[in-house]
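Dear colleague,

I am pleased to hand over the structure below for your study. My findings follow it, and I would ask you to read them with the structure open beside you.

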Amino acid sequence: MTSQTSPAQAAGTWTLGDLTVNRLGFGAMRLTGSAAFQHGTPSDRDRSIAVLRQAIDLGVNHIDTAAFYFSSLRSANELINSALNPYPDDLVIVTKVGPHREYSGEWGTAARPDQLRGQVEENLRQLGRDHLDVVNLRRMGQDSITEHFGALAELREAGLIRHLGISAVEPRHLAEAQAIAPVVCVQNRFGLDASDPESDEVLRLCGEQGVAFVPFFAIAGEGGARGRSETEDDEVRAIARAHDATAAQVRLAWTLHQGPHVLAIPGTGNPDHLVENVAAGALRLTADETARLDGLRLKAG
């Protein structure tokens with residue numbers, strides 16, 4: 001299957017610095033188990049590897065991962081390395097640093113600026129690469145990201161990182177980072193289940209500045225790392241029925257509708273769900289349907 005005919009290209013493309021990706025990508029968080037991190041049960045390794053290879057076959061060329069994506073038996077980075085190395089020339093792997101998990105799975109103290117090099121090197125080791133395409137700094141509640149982002153900018157100058165991004169930030173943090181080094185993407189929580197004026201402003205600023213905005217938990221919503229609950233809003237279900245689609249596909253289509261600079265990184269360890277998620281890139285909502293979903297988000301507050 002060529003990139004010209006791949007399902008993942010149906011939503012169009014965006015450029016992360018000098019790296020062009022299809023707007024419909026893949027998040028590796030759910031590869032390691034039935035729920036992320038220590039939640040749920042570990043995944044079947046062969047099945048997870050098959051899902052990764054199938055994603056590439058479907059035209060996915062943007063994978064989001066992190067060294068702290070692991071369950072008691074599985075590591076997302078190890079799975080990616082085993083499934084895809086040697087990597088396709090057009091594959092962009094985006095990782096993130098800042099948070100820290102102990103080998104037991106429990107969350108530890110977030111990295112200091114001087115510890116970020118170790119986290120970058122761990123991602124390099126696990127992925128089997130000599131540089132990382134994009135590294136996001138996940139803000140862990142600190143008021144300023146200057147020191148942390150500055151440390152990553154030094155690693156970019158040293159050639160360990162090609163491009164930089166930031167995550168879980170407010171509008172002022174984008175300006176703070178841009179004053180140090182170029183930012184190619186911002187990952188913030190964003191979806192139908194909650195309206196957040198600050199994330200809306202970050203979305204707008206990214207569009208103005210040509211920076212990719214990459215929502216996480218676009219499908220899971222308030223379920224977060226544990227995944228989407230079985231209940232779904234009637235409005236979403238009705239729109240899904242009108243398109244012979246799933247509720248998850250409607251959520252992804254609405255996400256991509258937020259702007260040409262918005263990328264989607266739905267994650268799954270289920271091959272059927274993978275096909276459905278990628279197919280959402282071709283789903284076109286009407287203006288009325290988009291307005292109804294926008295209203296749903298406003299009501300969610």
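Strand 1 (residues 13–16) pairs with strand 2 (residues 19–22) in the antiparallel sense, over four bridges. Within this pairing, T13 has N22 in strand 2 as its bridge partner. Please bear in mind that the model is predicted.

**The chain as a whole**

The protein chain has 10 helices and nine strands. Its radius of gyration is 18 Å, close to the 19 Å that the globule rule gives for 301 residues, so the chain is as compact as a globular protein of that length. The C-alpha trace spans about 50 × 45 × 40 Å along its principal axes.

Of the 301 residues, 54% count as buried. Among contacts between residues at least 6 apart in sequence, 74% join residues at least 24 apart. The chain exposes about 12,900 Å², of which carbon and sulfur atoms supply 49%. There are 28 positive and 39 negative side chains, and the centres of the two sets lie 2 Å apart.

L79 lies in helix 2 (residues 76–84). Leaving aside neighbours within four places in sequence, L79 is in contact with L31, R45, S48, I49, L52 and R74. One of these, L52, is 27 residues away along the chain, yet the C-alpha atoms of L79 and L52 are separated by 8.2 Å.

**Backbone features in the loops**

Most residues other than glycine have a negative phi, and most peptide bonds are trans.

- The peptide bond from N85 to P86 is cis, with omega near 5°. P86 is found in the loop between helix 2 and strand 5 (92–97).
- A168 is not a glycine, yet has a positive phi of about 60°. This residue sits in the loop between strand 7 (161–167) and helix 5 (171–178), and at 26% relative accessibility A168 counts as partly exposed.
- D244, also not a glycine, has a positive phi of about 50°. The loop that holds D244 runs between helix 7 (234–242) and helix 8 (247–256). With 74% relative accessibility, D244 counts as exposed.

Yours sincerely,
A colleague

Definitions and conventions. Residues numbered from 1 in each chain as written. Predicted model: local features only at pLDDT ≥ 70, side-chain atom pairs only at ≥ 80, totals over all residues. Heavy atoms only, no water. Pairing = 2+ DSSP bridges. Helix = DSSP H or I, 4+ residues; strand = E, 2+ residues; numbered from the N terminus. Rg over C-alpha atoms; globule rule 2.2 N^0.38 Å. Buried < 20%, exposed > 50% of the residue type's maximum accessible area, 1.4 Å probe, protein only. Contact = heavy atoms within 4.5 Å. Areas by Shrake-Rupley, 256 points an atom, 1.4 Å probe, with all protein chains shown as cover. Lys, Arg positive; Asp, Glu negative; His and termini not counted. Charge placed at Lys NZ, Arg CZ, Asp CG, Glu CD.
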